[in-house]
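Please read it alongside the sequence and structure shown below.

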Amino acid sequence: MATQEKVSEHNLGKIISHAKEYGFVFPSSEVYDGLAAVYDYGPYGVELKNNLKTLWWKSMTQLQDNVVGIDASIFMHPLTWKASGHVDSFNDPMVDNRDSKKRYRADQLLEAKAEEYAKAGQEEKGHALLVEMGRLLDAGDLNGVREQIISEGIVCPVSGTANWTEVRQFNLMFSTRVGSVAEDADTIYLRPETAQGIFVNFLNVQKTARMKIPFGIAQVGKAFRNEIVARQFIFRMREFEQMEMQYFVRPGEEMKWYEFWKETRLKWHQAVGLPAQKLKYHVHEKLAHYANAAVDIEFEFPFGFKEIEGIHSRTDFDLSQHQKLSKKKMQYFDNEINQNYVPYVVETSVGADRLFLAVLCNAYTEEVVGEGENQKERTYLKLHPAIAPVKAAIFPLVRKDGLPEKGMQIFNQLKQDFRVVYEERDAIGRRYTRQDLIGTPFCIAVDYQTLEDNTVTIRHRDSMEQERVSIEELRDKIAREVSFSRIYEQL
Ligand code: GAP
């Protein structure tokens, strides 16, 4: 059948509706009208996200000879966040519009203005604006930032006025209290990154797993940030998941490993199915105080190229800070060079939710199929079979004559190895459509011929082509297509 790609800009609205309608992502506590920037994953969303996390976990631990994992707690001793710098400087500058009562990030208002200049061919003007903003923020001159907003004529998109409050620093950490009575209570934080759980466990892991530098520690877990402006669906959330790996290296060798991980991680995103032309590096010119090199891997979302992963050379900042505040040594004895030192760290940090969104945006496909009067539109998720939430759907052609029983037999056999579904309601065309919408790569139809010769039809999601195979072959055939090793082979 002739197919024709429909050239269209898939806007985010379509993706959000699709995600909700077909059980991928729901607004949190929707019955109470939701909670800003907090989302729940539905039956297919949780499968897709778990597949991405497992894939990351295996490729960062099992496939590496010198990376092990941990699962640290969300709550940590409050001094952790003093040492890491989050208590004092994990801030965003915020400003409110007095008329609309809407809150904005002051830096984002100015960045949007700089983008406007760039679009109008005035890149230099935009660049100068950002340099000046950087200087003012570094100097803590928030009044100066406010004056910039006003002198640039920036108005609130809701009220249309420039009636701005003072610019204030807003710490992004959520705090809560531990202790049974108020007087005992102590302020603790919900971790804003998973990395610190790795740093404070550096020696525990190194000693118990007998690791030699260079080695890495990987972790997947929740992180929390009280984002001022929550936008773009699951791109910027207040509760999200990170997949981070800290790679501990000899001081002076960090740039070699930084380059290694930079390349390795870009390749990984391509192997998962994100096309090379939709991925790019964004090298940080202005570095955080703890870093000596930093790059983002950006994906082209419907709203432009945005960060999905950060690779940072964090020097010995974190371990040295923990050594200072905890008064416990964070050193490693390197017997190859007979030296004690605080290791340097190269970090890879990818958001599971942002990766999920990138994969979903990339997979969402609208196509016109057929020709002439038989043309019709179809929508499907072109997910890599290894990460698809459901691997195969089993359909008896009709609900009689022993076909459902045969279908159930196949389902019971395949479910031992794969996430599969069995469906017998509705016309088979509608059943195919339902599976296309959630990205199921294979649909298996059981018909009268099946009863005669033990063969079934496999319908392939992307090409819609059908082939006849024996039931005996099914398991191996599906396994070959959906195995993570298909992805690993490309790494
Ligand atoms: N430990 C380093 C660190 O946390 P980051 O650049 O702040 O670095 C790393 O975050 C990744 O975490 C980002 O590339 C992004 O994928 C994800 N991330 C950060 N903030 C997020 C948010 N509010 N919502 C969803 N994902 C977020």
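Predicted model: local features only at pLDDT ≥ 70, side-chain atom pairs only at ≥ 80, totals over all residues.

Three bridges hold strand S5 (residues 91–96) and S6 in their antiparallel pairing. Across this pair, Met-94 stands opposite Arg-105 in S6.

## Domain layout

The domain assignment divides the protein into domain 1 (3–74 + 188–361), domain 2 (91–171) and domain 3 (383–488). The centres of domain 1 and domain 2, taken over C-alpha atoms, are separated by 28 Å. Seven residues from domain 1 and nine residues from domain 2 take part in the contact.

Two packed helices are described by the angle between their axes and the distance between the axes. For helix H6 (residues 123–138) and helix H7 (residues 142–151), the axes come within 8 Å and cross at roughly 155°. H6 is therefore roughly antiparallel to H7. The crossing in which H6 passes H7 is left-handed. On the H6 side the contact is made by Leu-129, Glu-132, Met-133, Leu-136 and Leu-137, and on the H7 side by Leu-142, Gly-144, Val-145 and Gln-148. By class, the residues of this contact comprise six nonpolar, two polar and one charged.

H7 also packs with H5: their axes come within 10 Å and cross at roughly 35°. This crossing, too, is left-handed. Ala-106, Leu-109 and Leu-110 of H5 make the contact with Val-145, Gln-148 and Ile-149 of H7. Its residues divide into five nonpolar, one polar and no charged.

## The seven-strand sheet

A second open sheet has seven strands in the order S4-S10-S11-S17-S14-S13-S12, with mixed pairing. Its edges are strand S4 (67–69) and strand S12 (279–283), each of which pairs on one side only. On average, and with direction ignored, neighbouring strands of this sheet are turned by 25° against each other.

Within the sheet, strand S10 (residues 215–224) and strand S11 (residues 239–249) run antiparallel and are joined by ten bridges. Ala-218 has Met-245 in S11 as its bridge partner. Helix H12 (residues 352–363) packs on the sheet, where it touches S11, strand S13 (293–301), strand S14 (304–313) and strand S17 (344–351). The direction of H12 makes about 35° with that of S13.

Domain 3 is assigned to residues 383–488. Strand S23 (residues 455–460) pairs with strand S24 (residues 466–470) in the antiparallel sense over five bridges. Thr-457 has Arg-468 in S24 as its bridge partner. S23 and S24 form a hairpin with five residues between them, and Met-464 in the turn has a positive phi of about 65°.

Helix H13 (residues 403–414) and helix H16 (residues 471–482) pack with their axes 11 Å apart, at an angle of about 35°. Their crossing is right-handed. Lys-406, Ile-410, Gln-413 and Leu-414 of H13 meet Ile-471, Leu-474, Arg-475 and Ile-478 of H16. This contact has five nonpolar, one polar and two charged residues.

## Backbone features in loops

Two loop residues deserve a note on backbone geometry. The peptide bond from Ile-213 to Pro-214 is cis, with omega near 5°. Pro-214 is found in the loop between helix H9 (202–208) and S10.

Ser-29 has a positive phi of about 40°, although it is not a glycine. Ser-29 lies in the loop between strand S2 (25–27) and strand S3 (39–41).

How values were computed. Residues numbered from 1 in each chain as written. Heavy atoms only, no water. Axes fitted to C-alpha atoms, helices over the stretch in contact; angles between N-to-C directions. Helix = DSSP H or I, 4+ residues; strand = E, 2+ residues; numbered from the N terminus. Parallel < 35°, antiparallel > 145°, perpendicular 65-115°, else oblique. Left-handed = near helix turned anticlockwise from the far one by under 90°. Contact = heavy atoms within 4.5 Å. Nonpolar A, V, L, I, M, F, W, Y, C, P; charged D, E, K, R; others polar. Pairing = 2+ DSSP bridges. Domains from an automatic or database assignment.
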